[in-house]
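Please look through the model below with attention to how its side chains are packed and paired.

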Amino acid sequence: LRVSEATGGMVLALERLLDTLEKRKTVLYKVKAALVYPAISFVVAIVVGFILVTFSLPALVGLLKEYGGELPFTTKLLISISDFLRSYRLHIPVSALGGTVALLGYLRTRHGARLRDIVLLRLPVVGRVMIHSNLFNLTATFSTLLEAGVPPVEALKLSKESLNNVVLQEWLEKVIAEASAGTRLGPAFQMHWHSPPLLSQGIMTGELSGNLPPALHALADFFEQETSRAVSGATELIQPAVILLVGGFVGFIAVAVISGIYSTIGSVR
C-alpha cells in the first residue's frame, strides 16, 4: 500500500497483493500437508519413548543390576537419561517454557533478529527459500516504483520495506549509500549484495541497455520460480528427515535395552 501511494497505482498494487497472498496460502498448505504424517509419528515416538524411559526402564534396570555384569555404553547412557528425567521431570517443562519465553523476547530485539536471520540464511534449504523470496519482493517492488517514475535511490529506500530479513536490509542499506554517492546501481549491488551474482549482473545489463524495469521484471519472475522450487524441495525433504529422526530415536532405545539384556544373560551363563 505504501508503494501504491507513492506511485499512484493502487489497483496494480492490490492485484499483486492478492496474487502474493494466494501463492503464500498455497505454499503454507503444501508445508502443512507435508508435516501432518511426520508430526504424528514424532509425537507418538516421543510419548512411547517417555513411557519406556520413565516407567518401564527402571524395573528393567533393577533386574539387570541384580544379575550383575558389565552393561554396554548405550544402556548406561539410557539409564542416565532415565534417572535425569525422573529426577527433574517437574523442572524440565518449567525450564523449557522459561527458556522459550526468554528466547522469543531476545529475538524481538535488533541483535536477536539479526542473529536469527544470519542463521536462517546459512541453513541449506531454508536459506535458499529466504533469499529467493526476498529477492522476488525486492525486484518486483523496485521495478514497479521505477516504472512509476520514482528516482532509483528513493525507489530502493521504499523497496527496503519489502525485505523481511535484517541482514538483507543491511546489504541494501549499503547499496543505497553507495548509489547515493554517485555509483551506478549495478556496481553498487556487485560490491555490497553478496549473493546471488545474477542480481547485480541483471541490473548491470538493464542499465547498459536502458531497460532496467523490464530487466527487474525478468529477475522477479526468475526469483519467484526459484522460490517455488526451493519450497517444493523443502517439503519433500521434511518427511524422510523426520522419519529418520524418529527411527534413530526408537532404534537407540531398542538397541540400548536389548544389548543390556543380552549382556546380562551372558554374565549369568
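A polar contact is a pair of N or O atoms within 3.5 Å, where within protein one must be able to donate a hydrogen and the other to accept it, and residues adjacent in sequence count only if both atoms are side-chain atoms. This is a predicted model, in which local features need pLDDT of at least 70 and side-chain atom pairs count only at pLDDT 80 or more, while totals for chains, interfaces and linings use all residues. Residues are numbered from 1 along each chain as its sequence is written, and side-chain values use heavy atoms, with hydrogens and water left out.

Thr227 is found in helix 11, helices being DSSP runs of H or I with at least four residues, numbered from the N terminus. A polar atom of the Thr227 side chain lies 3.3 Å from the backbone oxygen of His132. Not counting residues up to four places away in sequence, Thr227 touches Val129, His132 and Ser133, contact meaning heavy atoms within 4.5 Å. Thr227 counts as buried because its relative accessible area is 14%, with buried meaning under 20%, exposed over 50% and partly exposed in between (1.4 Å probe, protein chains only).

Where do the nonpolar side chains gather? A nonpolar core is a set of buried Ala, Val, Leu, Ile, Met, Phe, Trp, Tyr and Cys residues joined through side-chain atoms within 4.5 Å. The largest such core has 30 residues, and Leu156, Leu172, Phe189, Trp193, Leu199 and Ile203 have the most contacts inside it.

The search of the whole structure finds seven salt bridges, each a side-chain nitrogen of Lys or Arg within 4 Å of a carboxyl oxygen of Asp or Glu. In one of them, Arg116 and Asp117 meet at 3.1 Å, N to O; Asp117 is buried because its relative accessibility is 1%, whereas Arg116, at 33%, counts as partly exposed. Arg229 and Glu226 form another, at 2.5 Å, N to O, and both lie in helix 11, three residues apart, about one turn of the helix. Here Glu226 is buried, with a relative accessible area of 11%, while Arg229 is partly exposed, at 46%. Salt bridges that share partners also join Arg110, Arg114 and Glu170 into one network.

Technical notes: Helices (H or I, at least four residues) and strands (E, at least two) are DSSP runs, numbered from the N terminus.
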